[in-house]
Amino acid sequence: MDKIAVVILNWNGIKLLEQFLPSVIQFSKEATIYVADNASTDDSIEFVLHNFPSVKIIKNTGNHGFAKGYNDALKAVDAEIYALVNSDIEVTENWLKPIIETFDSEKNTAIIQPKILDFKNKEYFEYAGAAGGFIDKYGYPFCRGRIFDTIEKDNSQYDDNCEIFWASGACFFIRKQVYDELEGFDESFFAHQEEIDLCWRALNEGHTIKYNSQSVVYHVGGATLQQGNPKKTYLNFRNSLLMMVKNLPKKGLFFIVFFRMILDGIAGVRFLMQGKFKHTFAILHAHFSFYCMSLVYLKKRKDFQMQKYYTIKSIVFIYYIKKLVFFKEIFNINQNIKN
C-alpha cells in the first residue's frame with residue numbers, strides 16, 4: 001500500500017492536464033499519481049500515456065460526475081491517504097509534506113484542506129474552499145476568505161492550522177479507511193456539495209477535519225462548470241437540501257429545511273429581478289427534484305447527527321442585511337454575542 005496517492009479526475013481536459021500535470025509530477029515525489037478518466041472523448045489518455053508514462057491511468061466507464069467518478073476510480077487505488085485534486089490545480093513545492101505530517105501526528109484527523117489561492121490572481125483566495133469551509137444554520141456554505149461573492153486578499157490572516165467544517169473538493173485529502181467507512185461520496189449528487197456532505201458525515205462519526213496553511217495550491221476554478229452556469233445553480237440548491245435532510249439533527253429538521261426553501265425562493269426572485277431567468281428556473285427545478293428525492297434521503301439518515309453543526313445562525317442575514325462581508329469581522333461579532 002502506498003502512503004499517499006494523488007488522484008486527478010479528468011473529463012475532456014487535455015489542455016488542463018498539459019498545463020497543470022507537470023507541477024503535480026514535479027512536486028509530488030512522495031506520491032503515486034493517477035489520472036482517473038471519466039470516459040473522455042478527446043485525446044486526454046493518449047496525451048498522458050505519451051508524455052507522462054509514470055502517471056497511472058484509471059478508465060471509468062462513463063462521465064459519472066465528480067461523486068461517482070471518484071468512487072469508481074478509488075476502487076483501483078491502494079494508498080493510506082487519498083489526495084483528490086482537480087485538474088485545474090497548480091501545486092507548490094513541499095505541498096504534501098505538512099499534510100502527511102498532520103495525518104501521522106493526529107490520528108483523529110480524517111480530512112485536510114490546504115490553503116487554496118486563485119491561480120489567476122495569486123494574491124487572493126479562491127472561491128472554492130479558500131482557507132476552509134463552514135455552514136450556517138440553514139445550510140449555506142461559506143469559507144474563511146470567501147463569503148458569497150466577496151473574496152479576500154491573502155494577507156496571512158489565515159496562516160494557521162485549525163479545525164473546519166468542510167474541506168474543498170478542489171484539493172481534498174482523506175484517509176482511505178475513513179473514505180471506505182463512509183462509503184465515499186453520495187453518487188446522487190453528481191457534482192457540487194458532495195464534499196460538504198462527506199465532511200458532515202465524517203463529523204457525525206466523530207472525525208476531525210483540518211485546514212493546513214503550510215500546504216498551498218492555486219486553483220483556476222470553474223473549469224468544468226462556470227460560476228454563472230444554471231446547471232451549477234441547480235446542483236448547488238438541490239444538493240444542499242438533500243444534504244440537510246440527511247445530516248441535520250432531528251430536532252427542528254423540517255422547520256430548518258422549510259425556512260431554507262423560503263430563502264431559496266428569495267434568491268430565485270433576486271435572480272428574476274436581475275434578468276437571470278434560467279437561474280430562477282434552476283432553483284424551481286432543484287426544489288421539484290428535492291421533493292421527488294426527499295423520502296429516499298430521509299431513509300439515508302444515520303442514528304446520530306451532531307447537534308451543533310453551524311458557526312453562525314444566518315450568513316445570508318449578516319452578509320446581505322448587516323453588510324458584513326469578511327469572515328474575521330463576522331466571527332469576532334459572533335464571539336462577542338456568545339460572550
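1. Let's start with C162: with a relative accessibility of 17%, C162 counts as buried, where buried means under 20% relative accessible area, exposed over 50% and partly exposed in between (1.4 Å probe, protein chains only). The closest cysteine sulfur to that of C162 belongs to C143 and is 12 Å away, too far for a bond. C171 is in no disulfide either, as the nearest cysteine sulfur, in C199, is 13 Å away. C171 is buried too, at 0% relative accessibility. In total the structure has zero disulfides, a disulfide being a pair of cysteine sulfur atoms within 2.5 Å.

2. A word on what you are looking at: this is a predicted model, in which local features need pLDDT of at least 70 and side-chain atom pairs count only at pLDDT 80 or more, while totals for chains, interfaces and linings use all residues. Residues are numbered from 1 along each chain as its sequence is written, and side-chain values use heavy atoms, leaving out hydrogens and water.

3. Buried residues of α9 include H279, I283, F290 and Y297. Among the elements covering the buried residues of α9 are α7 (230-247) and α8 (253-273), with contact meaning heavy atoms within 4.5 Å.

Conventions:
Helices (H or I, at least four residues) and strands (E, at least two) are DSSP runs, numbered from the N terminus.
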